[in-house]
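Dear colleague,

I am passing on the structure that we talked about, and below it you will find my notes on what turned up. Please read them with the structure open beside you.

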Amino acid sequence: MVIIKEIEAKPFLRWAGGKKWLKKEIHNFLPQENYKNYHEPFLGGGAIFFFLRPKRVSFLNDLNKELIDTYMHVRDNVEEVIRELKKFKNTEECYYAVRNQKLRSEVRKAARFIYLNQTSFNGIYRVNLKGEYNVPFGYRKKNFFEPENLRLVSNSLKNSVLSYGSFIDCLTNIKKGDLVFLDPPYTITHNDNGFFKYNQKLFSETDQYKLSEMIDEIKRKEAHYILTNAAHHKVKEIFDKNDSLIELKRASLVGGINAQRGKYSEYIFTNCI
């Protein structure tokens with residue numbers, strides 16, 4: 001008997017603060033009973049969504065409209081996106097030419113988003129005051145897209161509701177028995193008192209308190225939540241709800257070749273266990 005292993009979709013974007021590292025741990029924090037719909041208000045690269053492959057409806061949201069538009073076109077027009085991506089080359093000349101283009105085609109904008117993300121320096125998403133992407137070329141040798149994976153991604157997204165906007169707006173769709181995975185931008189640096197800017201907007205301490213209030217509402221709705229955040233005494237204070245708190249160690253992967261890297265702690269807050 002030949003056993004054919006199902007090929008799973010994997011994230012097609014690089015994203016600062018991504019949770020690829022959490023995949024080997026996430027099953028320890030899932031509800032014991034089967035959850036209903038899945039919600040991810042801070043989608044980013046979607047590492048946990050693609051790993052879990054939720055069986056029911058997934059409500060996926062992010063504040064970044066360009067990001068969500070890209071997900072939508074990969075879901076709805078994947079072959080067109082692939083055709084556009086095949087027109088690009090992983091060269092410095094092509095990179096800056098594509099980066100500077102003024103596009104009208106929404107599908108081509110989605111293809112450009114993927115291309116720039118995969119060929120830029122560290123996959124950083126950064127725009128100037130005019131809203132123009134301004135990250136330099138990354139000199140990566142890796143292929144910038146995999147057609148078959150994009151098709152798998154498209155299929156994985158078929159049962160998803162995609163939206164862009166504030167995480168607070170996501171409360172509307174959350175029902176009893178659902179699972180909400182919360183991976184907000186980290187306002188407070190790991191094990192430190194400093195603050196840092198995430199993309200072009202700051203996820204402020206006020207936003208952290210709003211997120212805490214959102215979790216209160218999630219619990220009132222009798223839904224499940226898993227929250228990741230920096231291991232810091234202020235974070236612990238904001239999100240202390242007498243639920244489970246787990247501290248995990250992970251490697252820092254942000255920065256260039258010569259950047260200082262090491263082990264950092266992150267908190268997992270959840271009412272699932």
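**Salt bridges and a pocket**

With a relative accessibility of 26%, D243 counts as partly exposed, and please keep in mind that the model is a predicted one. The partner of D243 is K219, with which it forms a salt bridge whose closest N and O atoms are 3.0 Å apart. Because K219 lies in helix 7 and D243 in the loop between helix 8 and strand 6, this pair ties together parts that are 24 residues apart in sequence. K219 is itself partly exposed, at 29% relative accessible area.

In total the structure holds 18 salt bridges, and side chains of opposite charge can pair in this way when their charged atoms come close. Another of them joins D216 and K241, with 2.8 Å between the closest N and O atoms; here D216 is in helix 7, while K241 is in the loop between helix 8 and strand 6. K241 is buried, since its relative accessible area of 14% is under the 20% cut-off.

E132 and K102 also meet through their side chains in a salt bridge, at 3.1 Å from N to O. E132 is partly exposed, at 31%, whereas K102 is exposed, at 69%.

Helix 5 gives the largest share of the lining, seven residues.

With best wishes

Terms used. Residues are numbered from 1 along each chain as its sequence is written. This is a predicted model: local features need pLDDT of at least 70, side-chain atom pairs count only at pLDDT 80 or more; totals for chains, interfaces and linings use all residues. Side-chain values use heavy atoms; hydrogens and water are left out. Helices (H or I, at least four residues) and strands (E, at least two) are DSSP runs, numbered from the N terminus. A salt bridge is a side-chain nitrogen of Lys or Arg within 4 Å of a carboxyl oxygen of Asp or Glu. Buried means under 20% relative accessible area, exposed over 50%, partly exposed in between (1.4 Å probe, protein chains only).
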